[in-house]
Amino acid sequence: MSKTIEEAAKIKVYKHLEKMFGFVALTNAGAQNMIKRTSLFYAIDVEKIAVEVADFALSRQWRSVEDELPEDDTLVAVHSPNGRVEILHYYDDVFQDELKQAHCVDYWMPIPKISSLNPEQ
């Protein structure tokens with residue numbers, strides 16, 4: 001699945017470059033050459049951008065508790081076997097609510113961090 005997301009990210013980057021430069025970059029090498037010809041965008045690494053976008057997308061996907069568990073002392077979004085989705089605290093190898101009651105969970109997802117709600121900070 002990550003390969004598909006990486007490829008989709010690359011396509012998105014190439015489409016963005018197409019809008020910026022007015023023609024299609026069919027390959028990463030073509031995009032790199034296009035960037036090198038434009039001094040303003042010389043430092044852009046298309047491959048790096050695509051991987052960063054893919055990593056971002058992958059970090060927001062559901063993960064099976066059988067495959068991976070969150071770091072201890074973390075708030076996560078969870079999916080229970082009964083279909084309920086909620087935010088729980090993962091602490092001491094247990095998914096628990098604010099009353100410290102344990103919950104049965106089959107999937108979890110990290111909650112994205114908000115860097116700042118105030119753009120001036």
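Glu86 touches Val76, Ala77, Val78, Ser80 and His103 when residues up to four places away in sequence are not counted; a contact here means heavy atoms within 4.5 Å. The model is a predicted one, in which local features need pLDDT of at least 70 and side-chain atom pairs count only at pLDDT 80 or more, while totals for chains, interfaces and linings use all residues. Residues are numbered from 1 along each chain as its sequence is written, and side-chain values use heavy atoms, with hydrogens and water left out. Glu86 is placed in strand E3, which spans residues 85-91. Helices (H or I, at least four residues) and strands (E, at least two) are DSSP runs, numbered from the N terminus. Glu86 counts as buried because its relative accessible area is 16%; buried means under 20% relative accessible area, exposed over 50%, and partly exposed in between (1.4 Å probe, protein chains only).

One of the contacts of Glu86 is Ser80, a residue of the loop between E2 and E3. Ser80 has a relative accessibility of 5% and therefore counts as buried. With its neighbours within four places in sequence left aside, Ser80 is in contact with Glu86, Cys104, Val105 and Asp106.

The protein as a whole has three helices and five strands, and along the sequence these follow the pattern α-α-α-β-β-β-β-β. Of its 121 residues, 23% count as buried. Among contacts with a separation of 6 or more, 45% join residues 24 or more positions apart. The accessible surface of the protein comes to about 8,900 Å², and 55% of this area belongs to carbon and sulfur atoms; such areas come from the Shrake-Rupley method with a 1.4 Å probe, and for residues only the protein chains shown count as cover.

The largest nonpolar core consists of seven residues, namely Val76, Val78, Leu88, Tyr90, Phe95, Val105 and Trp108. The elements that give two or more residues to this core are E2 and E3. A nonpolar core is a set of buried Ala, Val, Leu, Ile, Met, Phe, Trp, Tyr and Cys residues joined through side-chain atoms within 4.5 Å.

Strand E3 also holds Tyr91. Tyr91 counts as partly exposed because its relative accessibility is 35%. Tyr91 and Asp72 are 19 residues apart in sequence, and their C-alpha atoms are 5.2 Å apart in space. Beyond its neighbours within four places in sequence, Tyr91 is in contact with Asp72, Asp73 and Gln96. Asp73 lies in the loop between strand E1 (63-64) and E2, and its phi is near 65°, a positive value in a residue other than glycine.

Several residues of the loop between E4 and E5 were also examined. Asp97, which has its place in this loop, counts as buried because its relative accessibility is 12%. Asp97 touches Leu88 and His103, residues up to four places away in sequence not being counted. Between Asp97 and Leu75, 22 residues apart in sequence, the C-alpha to C-alpha distance is 9.8 Å. Lys100 lies in the loop between E4 and E5 as well; its phi is near 70°, again a positive value in a residue other than glycine. At 62% relative accessibility, Lys100 is therefore classed as exposed.

Ala102 is likewise placed in the loop between strand E4 (94-96) and strand E5 (107-110). Its relative accessibility is 60%, so Ala102 counts as exposed. Apart from neighbours within four places in sequence, Ala102 is in contact with Val94, Phe95 and Gln96. The C-alpha atoms of Ala102 and Leu88, which are 14 residues apart along the chain, are separated by 9.4 Å.

The largest pocket is lined by Arg63, Pro70, Glu71, Thr74, Leu75, Trp108, Pro110, Ile111 and Lys113. Strand E2 (74-79) and E5 are the elements that give two or more residues to this lining. On a 1 Å grid over the protein atoms alone, a pocket is an open set of points where a 1.4 Å probe fits, with protein on both sides within 12 Å along at least five of seven lines, and lining residues have an atom within 4 Å of a point. By class, the lining has five nonpolar, one polar and three charged residues; Ala, Val, Leu, Ile, Met, Phe, Trp, Tyr, Cys and Pro count as nonpolar, Asp, Glu, Lys and Arg as charged, and the others, Gly among them, as polar.
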